[in-house]
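Me: I would like to go through this model and ask, for each label, what value and what cut-off stand behind the label.

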Amino acid sequence: KMKAGIEEEAKKQGVTVDIFAATTEEDTEGQLKILENCINKGYKAIGVAPLSPTNLINGIVEANKKGIYVMNIDEKIDMDTLKAAGGSVIAFATTDNEKVGEKGAQYIIDQLADGGEVAIIEGKAGNASGEARKTGATNAFKADSKIKLVASQPADWDRQKALDTAASMLQSNPNLKAIYCCNDTMALGALQAVKNAGKDVIVVGTDGAEEALESVKAGELSATVAQDSAGIGATSLNRMIQAVKNAETIDANATPETIPVDSNLVTK
């Protein structure tokens, strides 16, 4: 969806965009190699959605040295480490992930009129967006006196791990009423665990992935908080075009602006 959003905006703006992706979520070195290759291809600006907060820092510093603008998309780069290395980005476009987690948790709270026990399945430890979603959901649950957060565990964005984690949560907490998952892949795994246990437990995911939307439509997954991935892509591209047009100065000491893009709760 992000790719589609970028391509559509590029057509509107009359600019040429090439889009590359790492082979897997784990391929941090491969992603850095892609960035290094791009630096030598004469692009005026490069947008990056890093797989970890630090894996692209050396590449960004290199790009800056060659006068290439770098835009930080969706996953936040560790700005302190980047600055210390002498690099900078023009801006950071993202979903407000704390609000995303809060939205998912609030939906659950609204469904549980009498309150009850809830759990969170987190992403990968240390991943910025996952941590923010977990924080948003945790705060929302803790703010409601009728809700008891009984478990919060990572499943590394993985469907099978989420299935196992949810199965053990359901076993340890027989009165569990709902599970909030920090992405849809894990939500679909948790949903399978709920089915396997023959229980009636609300499962809410995050991202608005195609399979999750189908599951919501079919009345299985209760809801998903959809990022506007196409909007994040288009917003990022526009900011890159602006930097090039205005010949902005690349400054390692400047604080990059954060451009928030809203999310939507999707229910049946």
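Reply: Contact here means heavy atoms within 4.5 Å, and helices (H or I, at least four residues) and strands (E, at least two) are DSSP runs numbered from the N terminus. The model is predicted, so local features need pLDDT of at least 70 and side-chain atom pairs count only at pLDDT 80 or more, while totals for chains, interfaces and linings use all residues. Residues are numbered from 1 along each chain as its sequence is written, and side-chain values use heavy atoms, with hydrogens and water left out.

Me: Which residues of α1 and α10 meet?

Reply: From α1 they are Met2, Gly5, Ile6, Glu9, Ala10 and Gln13, and from α10 they are Ser229, Ala230, Ile232, Gly233, Ala234, Leu237, Asn238 and Ile241. By class, this contact of α1 with α10 has eight nonpolar, five polar and one charged residues, where Ala, Val, Leu, Ile, Met, Phe, Trp, Tyr, Cys and Pro count as nonpolar, Asp, Glu, Lys and Arg as charged, and the others, Gly among them, as polar.

Me: Why are α1 and α10 called oblique to each other?

Reply: The axes of α1 (residues 2–13) and α10 (residues 229–245) come within 7 Å and cross at roughly 40 degrees; axes are lines fitted to C-alpha atoms, for helices over the stretch in contact, and angles run from 0 to 180 degrees between N-to-C directions. Angles under 35 degrees count as roughly parallel, over 145 as roughly antiparallel, 65 to 115 as roughly perpendicular and the rest as oblique, and α1 and α10 are therefore oblique.

Me: What makes α7 oblique to α8?

Reply: The axes of α7 (residues 159–172) and α8 (residues 184–197) come within 7 Å and cross at roughly 45 degrees, which makes α7 oblique to α8. The α7 side of the contact includes Arg159, Ala162 and Ala166, and the α8 side includes Thr185, Met186 and Leu188.

Me: How do you know that Ala119 is buried?

Reply: Its relative accessible area is 0%, and buried means under 20%, exposed over 50% and partly exposed in between, with a 1.4 Å probe and protein chains only, so Ala119 counts as buried. Ala119 is found in strand β4 (residues 116–122), and, leaving aside neighbours within four places in sequence, Ala119 is in contact with Leu149, Ala151, Met169, Leu176, Ala178, Ile179 and Tyr180.

Me: What makes β5 and β10 edge strands?

Reply: The open sheet of six strands has the order β5-β4-β6-β7-β8-β10, with mixed pairing, and two strands pair if DSSP finds at least two bridges between them. Because β5 (147–154) and β10 (264–267) each have a single partner strand, one side of each is left without a neighbour in the sheet. Within that sheet, β6 (residues 176–181) and β7 (residues 202–207) run parallel and are joined by three bridges, with Ala178 opposite Ile202 in β7.

Me: What is phi at Asp156 and at Ala247?

Reply: Most residues other than glycine have a negative phi. Phi of Asp156 is near 55 degrees, a positive value in a residue other than glycine, and phi of Ala247, likewise positive, is near 45 degrees.
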